[in-house]
Amino acid sequence: MEKDILILGIESSCDETAAAVVKNGREVLSNVISSQVNLHTLFGGVVPELASRRHIEKINPVIEKALADAGVTLDDLTAVGVTYGPGLVGALLVGVSEAKAIAYAKGLPLVGVHHIEGHVCANFIENRELEPPFLCLIVSGGHTHLVVMRDYGEFEIIGRTRDDAAGEAFDKVARAVGLGYPGGPKVDREAKGGNPHAIEFPAAHIEGAPYDFSFSGLKSAVLNYLNHAKMAGEEVPRADLVASFQNAVVEALVSRTMRAAGEYRMDKVVIAGGVASNSALRAALKESCEKAGLAFYRPSPIFCTDNAAMIGVAAYYEYKKGRRDGWDLNAVPNLKLGER
Ligand code: KG4
Ligand code: ZN
């Protein structure tokens, strides 16, 4: 019998300090996430310096808990996987340094993981039968990409945002309407009580780039709508406003995804990233995929937002392909997808 491959995954790219133990690629033995939401709420967004400091405080206890929850020790591990980009440089450095220290002390292989590849790999946790190739819509706070995952670690980018990421648009609109940080989940909740067709916001289309996205115009349209209403002394029902905004985002994401699935002859559609936990997006894509006869996969919300289980899964496939990083592994804040 082959020996189990146990990977310690570490994630610290933004405002979550996380560690997880993953067995043989898809079995999550533990998944510990220490969120910094309360720390940053005071400032209306993530303060990079505070994030780094909090990561330093939390990284050791979080890893100790991940090992304890999994019932293993550092001596049982096969390798250490860590997010080395993209993200906030100071935040990334905490995880990368920690991973290097553990790997060096224990003589373990070190595997650097691309954060976005991790998000995509989150889908493998609860769908043991899912294999590439598939079409994936990646929607997070920093990224909006439509990609074809050809094989493990191989991505063909077919569309991307020209300006704001989808999550960024959610966060900015949430701030403008007084919902505060973190915006996405608050808009999602508030929109449930609103009419998504109350206001028709414009949809952006980019000439010659059918799969590219643009959300800054939509965000401005929401702000303009608010300003006009304020000057006219009109009351704008917030639930209607955010439901209409969310509907416009979902419409832009779903229409491009479905068109790409047809053109690239994909029979599986997958979503990933923090915005993939949005209830309206999940429902709309599920319905469209069902109508088109396509299989639709999405991670549970806890695996959509930042976590280390997804990093452990991605590290497993990189490890199997022979990827090993040296002690010179560094944080790469603007690492592109598919780049090493
Ligand atoms: O993937 P993620 O946790 O971190 C990044 O890699 O960026 O994504 C965070 C983003 C934030 O912009 C947050 O507002 C958004 O995901 N988000 C949501 C929801 N939950 C998180 N956006 C819309 N609806 C949600 N339920
Ligand atoms: Zn993320």
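## Cis peptide bonds

Pro-133 lies in the loop between helix H5 (123–126) and strand E6, where helices (H or I, at least four residues) and strands (E, at least two) are DSSP runs numbered from the N terminus. The peptide bond between Pro-132 and Pro-133 is cis, with omega about 10°. A cis bond also leads from Gly-85 to Pro-86, with omega near -10°; Pro-86 is placed in the loop between strand E4 (79–85) and helix H3 (89–106).

This is a predicted model, in which local features need pLDDT of at least 70 and side-chain atom pairs count only at pLDDT 80 or more, while totals for chains, interfaces and linings use all residues. Residues are numbered from 1 along each chain as its sequence is written, chains are lettered from A and ligands numbered from 1 in the order in which they are written, and side-chain values use heavy atoms, with hydrogens and water left out.

## Residues with positive phi

Most residues other than glycine have a negative phi, and most peptide bonds are trans. Asn-24, which is not a glycine, has a positive phi near 50°. Asn-24 belongs to the loop between strand E2 (16–23) and strand E3 (27–35). With a relative accessible area of 33%, Asn-24 is partly exposed; buried means under 20% relative accessible area, exposed over 50%, and partly exposed in between (1.4 Å probe, protein chains only).

Arg-265 likewise has a positive phi, of about 50°, without being a glycine. The loop between H9 and E9 holds Arg-265, and a relative accessible area of 75% makes Arg-265 exposed.

His-115 in helix H4 (residues 115–121) and Asp-306 in the loop between helix H11 (301–304) and helix H12 (309–320) are 191 residues apart, a pair that links distant parts of the chain. Both His-115 and Asp-306 are buried.

## Packing of helix H6

Helix H6 (residues 166–176) packs against helix H9 (residues 238–263) at an angle of about 170°, with the axes 11 Å apart. H6 is therefore roughly antiparallel to H9. Axes are lines fitted to C-alpha atoms, for helices over the stretch in contact, and angles run from 0 to 180 degrees between N-to-C directions; angles under 35 degrees count as roughly parallel, over 145 as roughly antiparallel, 65 to 115 as roughly perpendicular and the rest as oblique. Ala-169, Phe-170 and Val-173 of H6 meet Phe-245, Gln-246 and Val-249 of H9, contact meaning heavy atoms within 4.5 Å. The residues of this contact comprise five nonpolar, one polar and no charged. Ala, Val, Leu, Ile, Met, Phe, Trp, Tyr, Cys and Pro count as nonpolar, Asp, Glu, Lys and Arg as charged, and the others, Gly among them, as polar.

The axes of H6 and H8 come within 10 Å and cross at roughly 10°, so these helices are roughly parallel to each other. Lys-172, Val-173 and Ala-176 of H6 make the contact with Lys-219, Val-222, Leu-223 and Leu-226 of H8. Its classes are five nonpolar, no polar and two charged residues.

## Nonpolar cores

The largest nonpolar core has 47 residues, and Leu-135, Phe-201, Phe-215, Phe-245 and Leu-285 have the most contacts inside it. Such a core is a set of buried Ala, Val, Leu, Ile, Met, Phe, Trp, Tyr and Cys residues joined through side-chain atoms within 4.5 Å. Elements giving two or more residues to this core include strand E6 (134–139), strand E7 (144–151), helix H8 (216–231) and helix H10 (279–292). H9 gives the most, with 13 residues.

Leaving aside neighbours within four places in sequence, Leu-285 is in contact with Leu-137, Val-254, Thr-257, Met-258, Ile-271 and Phe-296. A second, separate core of 37 residues includes Phe-134, Ala-272, Phe-303 and Leu-337.

## Surroundings of Arg-282

Arg-282 lies in helix H10 and, at 15% relative accessibility, counts as buried. Not counting residues up to four places away in sequence, Arg-282 touches several residues, among them Ile-271, Phe-296, Arg-298 and Cys-304.
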